[in-house]
Amino acid sequence: MKRIGVFTSGGDAPGMNAAIRAVVRMAIAKKLEVFGIRQGYTGMIDGNIQQVFPRDVANIIQRGGTVLKTGRSQEFLKAEFRAKAAEQIRTLGIEGLVCIGGDGSFRGAHALWEEQRIPIIGIPGTIDNDIFGSDNTIGFDTAVNTALDAIDKIRDTAASHDRLFIVEVMGRNSGHIACHVGL
């Protein structure tokens with residue numbers, strides 16, 4: 001391979017920018033050209049793709065979110081749009097992809113491989129920590145510690161008023177954040 005693409009998809013998670021930076025810097029060190037795909041699968045379909053250089057990923061690791069932008073694409077659920085995305089990728093000579101995302105992103109990646117045979121690997125990036133085979137996904141630790149900080153503050157207020165507060169944390173269909181915060 002001489003050209004790869006990198007994108008983030010689904011919800012953002014702390015650490016995605018660090019993953020993007022690592023992919024770009026390692027690929028360039030291995031003499032590969034790297035292309036950033038903006039706005040996930042939507043950007044892939046629309047051709048919102050541009051070459052990325054080391055300067056483009058300088059000073060991004062301390063920023064939240066993802067510099068490549070992200071989103072969920074209803075269009076990508078349809079085979080004809082996955083074919084259009086593959087055409088965009090092939091037109092640029094991109095030979096493989098790195099997907100940074102969660103469960104839905106990886107289902108899309110798998111479909112793209114099955115139908116279009118574009119090589120693709122995944123970096124698990126989801127606060128839900130629900131990717132099979134991953135102990136901790138990118139963003140999970142930050143989500144747990146953010147919830148802990150908030151709960152510590154809420155607990156003080158609850159104690160001051162002799163009250164019990166109920167706190168709900170994110171996690172979609174997974175209870176990993178709640179479980180770890182509880183522990």
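## Basis

The model is predicted, so local features require pLDDT of at least 70 and side-chain atom pairs count only at pLDDT 80 or more, while totals for chains, interfaces and linings use all residues. Residues are numbered from 1 along each chain as its sequence is written, and side-chain values use heavy atoms, with hydrogens and water left out.

## Sheet

Five strands form an open sheet of mixed pairing, in the order E3-E2-E1-E4-E5. Strands (E, at least two residues) and helices (H or I, at least four) are DSSP runs numbered from the N terminus; two strands pair if DSSP finds at least two bridges between them. Strand E3 (49-52) and strand E5 (120-124) are the edge strands, each pairing on one side only.

Strand E1 (residues 3-8) pairs with strand E4 (residues 96-101) in the parallel sense over five bridges. Within this pairing, Phe7 stands opposite Cys99 in E4.

## Largest pocket

The largest pocket is lined by 27 residues, and Gly10, Arg72, Gly104, Ser105 and Arg172 lie nearest its centre. On a 1 Å grid over the protein atoms alone, a pocket is an open set of points where a 1.4 Å probe fits, with protein on both sides within 12 Å along at least five of seven lines; lining residues have an atom within 4 Å of a point.

Helix H4 (residues 103-116) gives the most to this lining, with six residues. The lining of the largest pocket comprises six nonpolar, 14 polar and seven charged residues, where Ala, Val, Leu, Ile, Met, Phe, Trp, Tyr, Cys and Pro count as nonpolar, Asp, Glu, Lys and Arg as charged, and the others, Gly among them, as polar.
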